[in-house]
Amino acid sequence: MDEEYYKTKESVEEYIELAKDVNGSELIEKLKKVLPSNSNILEIGSGPGSDWKILNKSFNVIGSDNSSEFLKHLIAMYPNDEFLNLDAVTIDTNRTFDCIYSNKVLHHLKDKELEDSIKRQYRIVKSKGIICHSFWKGEDFEIFKGLYVNYQNEKKLKHFFKDYFEIISIISYQEFEEGDSLLVIGKKK
Ligand SMILES: C[S@@+](CC[C@H](N)C(=O)[O-])C[C@H]1O[C@@H](n2cnc3c(N)ncnc32)[C@H](O)[C@@H]1O
């Protein structure tokens, strides 16, 4: 069923197949410019684990997701590594990190949820820590495959992050079409 997208075995298998040639290598190159290698990263919404695998080459990364089906897949692929069941809003962990990273995850949060997530990220990122998140660029929101998609623009993103993170850059980039995506990199205030 649509509202269970990312939660059922079938939808997770479908997403893994659809996204098999997509990864955040370009985003991670930008992150590497501001984050020392071997830093501790929490990835939110690791999904198929494509970005986790790239991040893991340069950093100590812990993957996470709030979908037990994606977590099953990640644990089966990488049995010696640790993955956490975390929701992007509450990020319910006692650990702290040098960086929190996500690629096309936080657009599933409504504005208030995104605000709560950013406040929580502020708490679990170490002093001068880094956040690096991508969003779909646009206005308003839509429901796609039963999932909430919250489009963002530079102005809104600056507003959400400004009290907690100094914005290092907001970069417009292409996922499928020119300028359809935004990458925010910030440093804890
Ligand atoms: C569009 S996929 C992106 C996955 C991966 N980052 C990638 O780039 O392929 C969105 C991912 O975010 C996860 N997700 C959605 N809402 C979430 C939430 N509230 N907390 C944690 N993960 C969430 C989904 O289960 C899925 O793995």
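# Close-up views of a predicted model

**View 1. The largest pocket.** The largest pocket holds about 1300 Å³ of space. Here a pocket is an open set of points on a 1 Å grid over the protein atoms alone, where a 1.4 Å probe fits, with protein on both sides within 12 Å along at least five of seven lines. Grid points are joined across faces, edges and corners, and the volume is the space filled by probe spheres set on the points. Lining residues have an atom within 4 Å of a point; there are 47 of them in the largest pocket, and Y6, Y15, K104, H107 and H108 are the closest to its centre. Two or more lining residues come from each of α1 (9-18), α3 (50-58), β6 (141-144) and β7. The largest share, three residues, belongs to β7. Helices (H or I, at least four residues) and strands (E, at least two) are DSSP runs, numbered from the N terminus.

The model is predicted: local features need pLDDT of at least 70, side-chain atom pairs count only at pLDDT 80 or more, and totals for chains, interfaces and linings use all residues. Residues are numbered from 1 along each chain as its sequence is written, and side-chain values use heavy atoms, with hydrogens and water left out.

**View 2. The lining by residue class.** The lining of the largest pocket has 21 nonpolar, eleven polar and 15 charged residues. Ala, Val, Leu, Ile, Met, Phe, Trp, Tyr, Cys and Pro count as nonpolar, Asp, Glu, Lys and Arg as charged, and the others, Gly among them, as polar.

**View 3. Residues around the ligand.** Around the ligand are 18 residues, of which Y6, G45, D65, A88 and N103 come nearest; a residue is counted if one of its heavy atoms lies within 4 Å of the ligand. The side chain of D65 has an N or O atom 2.6 Å from an oxygen atom of the ligand. A polar side-chain atom of D87 is 3.2 Å from a ligand nitrogen atom. For A88, a backbone N or O atom lies 2.8 Å from a nitrogen atom of the ligand.

View 4. Most residues other than glycine have a negative phi. Y6, in the segment before α1, has a positive phi of about 80°. I91 has a positive phi near 35° and sits in the loop between β3 and β4 (97-102). I91 is buried, at 1% relative accessible area (buried means under 20%, exposed over 50%, partly exposed in between, with a 1.4 Å probe and protein chains only).

**View 5. Exposed N85.** N85 belongs to strand β3 (residues 83-85). With a relative accessible area of 52%, N85 is exposed. Beyond its neighbours within four places in sequence, N85 is in contact (heavy atoms within 4.5 Å) with D65, N66 and L71. S67 is 18 residues from N85 in sequence and 7.4 Å away in space, C-alpha to C-alpha.

View 6. Q152 is in the loop between β7 (147-150) and α6 (154-161). Its relative accessibility is 0%, so Q152 counts as buried. Leaving out residues up to four places away in sequence, Q152 touches D111, L114, F135, W136, K137, G138, L157, F160 and L182. L55 lies in helix α3 and is buried, also with a relative accessible area of 0%. Contacts of L55, apart from neighbours within four places in sequence, are I28, L31, I41, E43, V61 and Y101.

Notes. A polar contact is a pair of N or O atoms within 3.5 Å; within protein, one must be able to donate a hydrogen and the other to accept it, and residues adjacent in sequence count only if both atoms are side-chain atoms.
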